[in-house]
Amino acid sequence: VDVQPIATEISKLRVFLSLIVDAKIDDIAENRGIKPLPNLEFKFVTANSLVGLEEEPLTFHEMLPGYQELKDARELYFNSRGEDKSDIKHSFVNAQKLIIANAGNLFRSNNLKKKATWNPFKNEPADFFDPEWMFGVLEFDIVIGNPPYGGTKISDEVKNTFGLGSKDPYGAFLARFLGGYNIPTPLKNRGVLAFIVSDTFMTIKSHLPLRRMIMQNYIHKMIRVHPDTFK
């Protein structure tokens, strides 16, 4: 997940190159034994992972018309080709519309608008991230990332949402994925979070709220690497 479309596209390209390089050539097999490249729209998502959807009451999404079709389309699209690929795209969009049309008051209005307008087949960033709607999974076992820090600053709204004292983005990412301040996290309970971040959160005064939040959550290991390591 990345908020920048170019980063998502480069990640897809990197996966394609890895698959091609690792492919085993068989000159007598069809297409020399090289498998067609997969479709990665439901594996690499362009979205703002700091922003989740509002918490919903128990909704029984699985019982809504279109929910199973949505799930099936997500799974079938990965290896689809030609007309099948186009048909599955239409199936996904139609299933999405069917769920929204039958949801009634099950979705909060703000969530409804975001879910209805998200299109994984367009190279446009979504202003939210929801693992179930976008990837078909409720939570992740492992989250790995390199959040921005230094020049970029988060908005006051995001800062206040996570109860932070600093506007460094990496603090918001830590709070989001550690589940601090009652913010739902996409990481499973006892899941593994691996972030490369600045070490300033350990010492500076403005990161005191972040330090308190970290100490209230389970931390497996903290590694501080000396800058000379990378010279």
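Tyr67, Glu69, Leu70, Ala73, Leu76 and Tyr77 in H2 meet Lys85, Ile88, Lys89, Phe92, Ala95, Gln96 and Ile99 in H3, where contact means heavy atoms within 4.5 Å. This is a predicted model, in which local features need pLDDT of at least 70 and side-chain atom pairs count only at pLDDT 80 or more, while totals for chains, interfaces and linings use all residues. Residues are numbered from 1 along each chain as its sequence is written, and side-chain values use heavy atoms, with hydrogens and water left out.

**Overall layout**

The chain has eight helices and two strands. Helices (H or I, at least four residues) and strands (E, at least two) are DSSP runs numbered from the N terminus. Along the sequence their order is α-α-α-α-α-β-α-α-β-α. Of the 231 residues in the chain, 32% are buried; buried means under 20% relative accessible area, exposed over 50%, and partly exposed in between, with a 1.4 Å probe and protein chains only. Among contacts in the chain with a separation of 6 or more, 65% are between residues 24 or more positions apart.

**Helix pairs**

Two packed helices are described by the angle between their axes and the distance between the axes. Axes are lines fitted to C-alpha atoms, for helices over the stretch in contact, and angles run from 0 to 180 degrees between N-to-C directions.

| Helix pair | Axis angle | Axis distance |
|---|---|---|
| H2 (residues 67–77) and H3 | roughly 155 degrees | within 8 Å |
| H7 (residues 169–178) and H8 (residues 208–215) | about 25 degrees | 11 Å |

The axes of H2 and H3 cross at roughly 155 degrees. That angle makes H2 roughly antiparallel to H3; angles under 35 degrees count as roughly parallel, over 145 as roughly antiparallel, 65 to 115 as roughly perpendicular and the rest as oblique. The crossing of H2 and H3 is left-handed, a term for a near helix turned anticlockwise from the far one by less than a right angle, with clockwise being right-handed.

H7 and H8 pack at about 25 degrees. H7 is therefore roughly parallel to H8. The crossing of H7 and H8 is left-handed. In this pair, Tyr170, Gly171, Leu174, Ala175 and Leu178 of H7 meet Leu210, Met213 and Ile214 of H8.

H3 covers residues 82–103, and its 22 residues should span 32 Å at 1.5 Å a residue; the end C-alpha atoms are 32 Å apart, which agrees. The expected span is 1.5 Å times one less than the number of residues. Buried in H3 are Ile88, Phe92, Ala95, Gln96, Ile99, Ile100 and Ala103. These residues cover an arc of only 130 degrees around the axis, which puts them on the same side of H3; the arc is that of the directions from the helix axis to the C-beta atoms. Gly82, Glu83, His90, Lys97 and Ala101 are exposed on the face of H3 turned away from the buried side.

In H8, the buried residues are Leu210, Met213 and Ile214. They fall within an arc of 100 degrees seen down the axis, so they line one face of H8. The cover over these buried residues includes H7. Arg212 and Met215 are exposed on the other side of H8.

**Pro169**

Pro169 lies in helix H7 and is buried, with a relative accessible area of 3%. Leaving aside neighbours within four places in sequence, Pro169 is in contact with Pro148, Tyr149, Thr152, Lys153 and Ile154. Pro169 and Ile154 are 15 residues apart along the chain, and their C-alpha atoms are separated by 5.5 Å.
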